[in-house]
Amino acid sequence: MKKFSVFFIILLKFGILNIKASDEPKPPKQINWLFNGVTGKFDRQSIQRGFKVYKEVCSACHSVKRLAFRNLMEIGFSEDEVKALASEYEVKDVPNEEGEMFDRSARLTDMIPGPYPNEKAARASNNGAYPLDLSLIIKARHDGANYVYSLLTGYSTPPKNFELGENMYYNPYFAAGGNQLAMTPPLHTADQVEFNDNTKASIDQMSKDVVNFLQWVAEPEMEDSKSLGIKVIIFLLIFTVLFYIAKKRIWQRIK
């Protein structure tokens, strides 16, 4: 095995064996997210900015069908702000007295509508490609937060001799599609979104914010789960100590 490895390295060095490292998919960039770790928590200010990025950019193609308007109050939006936002959308309601479906303004209890009525309409508008629902995208991909961030910031010029398909874009982090995908770079210029808190809307900042938003959408109960887990661990540690002391005293009498 060792001789084979040395031989393999020699072939690479002298160009006899031609392997293009640039054609290989890159591992996701590793970001120190605030929600990582046992004591991780949400950055609600970033999540609010991320929702604006989603609403003004991503929602043109992608849905978050597991998210209701009222859920937005959990990240700091007021009830009046969410009601105003919901009023901008129209949803199909149950049949009226004549048995006909009708459109009405969305309410707090409604799920946020997606851009397309069904999958066929979505594919017809995107050259056959189907824009995924983003509700659980962070959980559906390995190293989800870092993967989505890397994908959003990874669009670049393909390496020399790379065969890029028609209407495709090069992204070295998209291993599933051979480093190319049909989605145009969604975040392609700075200040594409204007944040209410005057944060500079660089591509990096917008990408981080929308990832924070999608992390919250995928796991809104994360903070409560981690808090409960810490409490359970503390309880078990205290119980273990008390149990050990009791055991020592009981067996001491027997001796």
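Across the whole structure, a predicted model, 13 salt bridges were found, a salt bridge being a side-chain nitrogen of Lys or Arg within 4 Å of a carboxyl oxygen of Asp or Glu. Local features require pLDDT of at least 70 and side-chain atom pairs pLDDT 80 or more, while totals for chains, interfaces and linings use all residues. Residues are numbered from 1 along each chain as its sequence is written, and side-chain values use heavy atoms, with hydrogens and water left out.

Within helix H2, Glu 56 and Lys 52 lie four residues apart, about one turn of the helix, and their side chains form a salt bridge (3.9 Å, N to O). Helices are DSSP runs of H or I with at least four residues, and strands are runs of E with at least two, numbered from the N terminus. Glu 56 is partly exposed at 44% relative accessibility, whereas Lys 52 is buried at 19% (buried, under 20% relative accessible area; exposed, over 50%; partly exposed, in between; 1.4 Å probe, protein chains only).

Lys 92 pairs with Asp 103, the closest N and O atoms being 3.5 Å apart. Lys 92 is exposed, with a relative accessible area of 60%, and Asp 103 is partly exposed at 43%.

A further salt bridge joins the side chains of Glu 219 and Lys 139 (2.7 Å, N to O). Glu 219 lies in the loop between H7 and helix H8 (222-254) and Lys 139 in helix H5, so the pair links parts 80 residues apart in sequence.
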